[in-house]
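Student: I have a structure open and I'd like to talk it through with someone. Could we go slowly, starting with the words I'll need?

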Amino acid sequence: MSIILALFIFILSLSIPVLMLIAYWKIFTKAGAPGWAVLIPFYSGYIQYKFTWNPRYFFIPLSCLALIFSTIWIDSLNELLMPLYIIAILVIQIMNLISSHKLSKAFGHDLGFTLGLIFLEPIFIMILGFGSSKYEGIQ
């Protein structure tokens, strides 16, 4: 019985990311962006910022990530830069929250849908991708 359960969990753990990838592909095509852009990590983020608000803002969390990854390997700087790392992580999280809200608004949804995107992202991304939501443009 445990083998069947393990197989079920394995299949489920593989199917959710695949379904999310397909849903994001559909979201991008609904917004008039190329669906294949979903497959390229940083480019997909840039394109999503492009059709949800302003692509210039994409470089704020990207710069924070670059700061963290370019200096974290220097052990002597870790203690000195820890407050900066914490601020950078907070900035990234705030930008992710705003991005979720902008995505929700771009498809005509309100704060409740934004909360769904934040707390139950796989379900609400699939609702956006496979559902009847229409892209309304940057809000």
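Tutor: Let us begin with one term: a residue counts as buried when its relative accessible area is under 20%, as exposed when that area is over 50%, and as partly exposed in between. Please also keep in mind that this is a predicted model.

Student: Okay, let me try that on Q48. Is Q48 buried or exposed?

Tutor: Q48 has a relative accessibility of 14%, which is under the 20% limit, and therefore Q48 counts as buried. You will find Q48 in helix α2.

Student: And what does Q48 touch, if I skip residues up to four places away in sequence?

Tutor: With those left out, Q48 touches Y24, F28, S99 and L103. As for a spacing, Q48 and A37 are 11 residues apart in sequence, and their C-alpha atoms are 9.3 Å apart in space.

Student: S99 was in that list, so where does S99 sit?

Tutor: S99 belongs to helix α4, and S99 is buried because its relative accessible area is 7%. Once its neighbours within four places in sequence are set aside, S99 is in contact with Q48, Y49 and W53.

Student: Let me zoom out. How many helices and strands does the chain have?

Tutor: The protein chain has six helices and zero strands, and, read from the N terminus on, the order of elements is α-α-α-α-α-α. Taken along the principal axes, the C-alpha atoms fill a box of roughly 50 × 50 × 30 Å.

Student: What share of the residues is buried?

Tutor: Of the 139 residues in the protein chain, 35% are buried. If you look at contacts between residues at least 6 apart in sequence, 53% of them join residues at least 24 apart.

Student: Now the helices themselves. What would I say to describe two packed helices?

Tutor: A packed pair is described by the angle between the two axes and by the distance between those axes. For α5 and α6 the angle is about 125°, and the axes are 5 Å apart.

Student: Why are α5 and α6 called oblique?

Tutor: An angle of 65 to 115 degrees would count as roughly perpendicular and one over 145 as roughly antiparallel, while the angle here is about 125°, and α5 and α6 are therefore oblique to each other.

Student: Which residues meet there?

Tutor: From α5 come F113, G116, L117 and F119, and they meet E121, F124, I125, I127 and L128 in α6. The residues of this contact divide into seven nonpolar, one polar and one charged.

Student: Tell me about I127, then. Is I127 buried or partly exposed?

Tutor: I127 counts as partly exposed, because its relative accessibility is 38%. Leaving out residues up to four places away in sequence, I127 touches F113 and S133. I127 and I27 are 100 residues apart in sequence, while their C-alpha atoms are 9.8 Å apart in space.

Student: What about S104, where is that and what does S104 touch?

Tutor: S104 is in helix α4, and with a relative accessible area of 0% S104 is buried. Not counting residues up to four places away in sequence, S104 touches H109, D110, F113, T114 and L117. The C-alpha atoms of S104 and L117 are 7.9 Å apart, and the two residues are 13 apart in sequence.

Student: Last one: where is G131?

Tutor: G131 lies in the segment after α6, and at 33% relative accessibility G131 counts as partly exposed. G131 touches K30 and M126, again not counting residues up to four places away in sequence. G131 and L77, by C-alpha atoms, are 48 Å apart in space and 54 residues apart in sequence.

Notes: Residues are numbered from 1 along each chain as its sequence is written. This is a predicted model: local features need pLDDT of at least 70, side-chain atom pairs count only at pLDDT 80 or more; totals for chains, interfaces and linings use all residues. Side-chain values use heavy atoms; hydrogens and water are left out. Axes are lines fitted to C-alpha atoms, for helices over the stretch in contact, and angles run from 0 to 180 degrees between N-to-C directions. Helices (H or I, at least four residues) and strands (E, at least two) are DSSP runs, numbered from the N terminus. Angles under 35 degrees count as roughly parallel, over 145 as roughly antiparallel, 65 to 115 as roughly perpendicular and the rest as oblique. Contact means heavy atoms within 4.5 Å. Ala, Val, Leu, Ile, Met, Phe, Trp, Tyr, Cys and Pro count as nonpolar, Asp, Glu, Lys and Arg as charged, and the others, Gly among them, as polar. Buried means under 20% relative accessible area, exposed over 50%, partly exposed in between (1.4 Å probe, protein chains only).
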